[in-house]
Amino acid sequence: MKKIFKWIGIVLGGLVRLTLMAGLVLYPVGMKKVTKTYPNITVESVKIPTDADAIARGKHVSVIWACTKCHGEDLSGRLLTNDPIEGTIPTLGTIPAPNLTSGTGGIARSYTDTDWIRAIRHGIKPNNRAEIFMYVSNMSDRDLGDLIAYLKQIPPVDTNSPGISYGPFLPIAPALGIFTPAAELIDHNAPHPKDPVPGATVEYGKYLSAICEQCHGNGVSNAVKNWKPEEFIRTFRTGVLPDGKELGPTMSSKTFNEMNDTELAVLWLYFTSAKP
């Protein structure tokens, strides 16, 4: 019995040593990815409107493109990851979604139109470093312009969020390919989507499906292939699946409650017409 415990200890000790060695190798690789700079990105011009209709539309865009999901209902920011127990060994670190308002601690106090475009479409900060989570690059010019118009006039909220800091585990994730900063995935020279024409078309549904692909990739059509359109819409209105089960907290969020019936209907149309 003692020999068994001895060998178990040796094996476990070896695994711990291998894990630590792998971490020591992978950590600098991951840190290089999350702190990489992108100084040569060309930021295109986008028309930023000022009329009330565009600003109201920009508010709608901010919700259905999940800005409020990460930055909070009032867009004053929130912590995406945080090691909450003081005195513990940090694991993920602290990753804040910044305050988008013009209040104290808000980026709108200094952001130019170019800064907004660079951050939203390219996932890059004014200092040329990557945004960690910013996967909305395939937004049309009109939606982007209306969104920025809205962001520039939202009420200021004062915050004092902590700065970004990395624990030992978070940088290892990109080194392993578990996640990649958006700026690394985006084709910065790709043509941008044409301004969609709202209507009951597969093309409009395909454009809006980019919202779903942020979390689900391109596999949504498999899950809803046999749903009726009224079941699809009711699911997102009530948070209850056709089989009676409840959606998770993310899927029943305001993002989808804000979508109108036309937007939900064309999503169903696209997903049920797309190849599995």
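Visitor: What does the secondary structure come to?
Guide: The protein has twelve helices and three strands. Both are DSSP runs numbered from the N terminus, helices being H or I with at least four residues and strands E with at least two. Residues are numbered from 1 along each chain as its sequence is written. Because this is a predicted model, local features need pLDDT of at least 70 and side-chain atom pairs pLDDT 80 or more, while totals for chains, interfaces and linings use all residues; side-chain values use heavy atoms, without hydrogens and water.

Visitor: How much of the protein do buried residues make up?
Guide: Of the 276 residues, 40% are buried. Buried means under 20% relative accessible area, exposed means over 50%, and partly exposed lies in between, with a 1.4 Å probe and protein chains only.

Visitor: Where is Arg118, and is it buried or exposed?
Guide: Arg118 belongs to helix H4 (residues 113-122). Arg118 counts as buried because its relative accessible area is 15%.

Visitor: Which side chain does it make a polar contact with?
Guide: The side chain of Arg118 makes a polar contact with that of Asp115, at 2.8 Å. A polar contact is a pair of N or O atoms within 3.5 Å; within protein, one must be able to donate a hydrogen and the other to accept it, and residues adjacent in sequence count only if both atoms are side-chain atoms. Leaving aside residues up to four places away in sequence, Arg118 touches Val43, Gly123, Ile124, Lys125 and Pro126, where contact means heavy atoms within 4.5 Å.

Visitor: Changing topic, how many aromatic pairs are there?
Guide: The count is six aromatic pairs. Rings of Phe, Tyr and Trp (its six-membered ring) pair if their centres lie within 6.5 Å; planes under 30 degrees apart are stacked, over 60 edge-to-face, and the rest tilted. Phe232 and Phe271 form a tilted pair, 6.4 Å centre to centre with 55° between the planes. This pair links distant parts of the chain, 39 residues apart: Phe232 is in helix H10 (residues 229-238) and Phe271 in helix H12 (residues 261-273).

Visitor: Why do those two count as buried?
Guide: Phe232 counts as buried because its relative accessibility is 3%, and Phe271 because its value is 5%.

Visitor: Which residues form the aromatic cluster?
Guide: Trp227, Phe232, Phe236, Tyr270 and Phe271 form one aromatic cluster.
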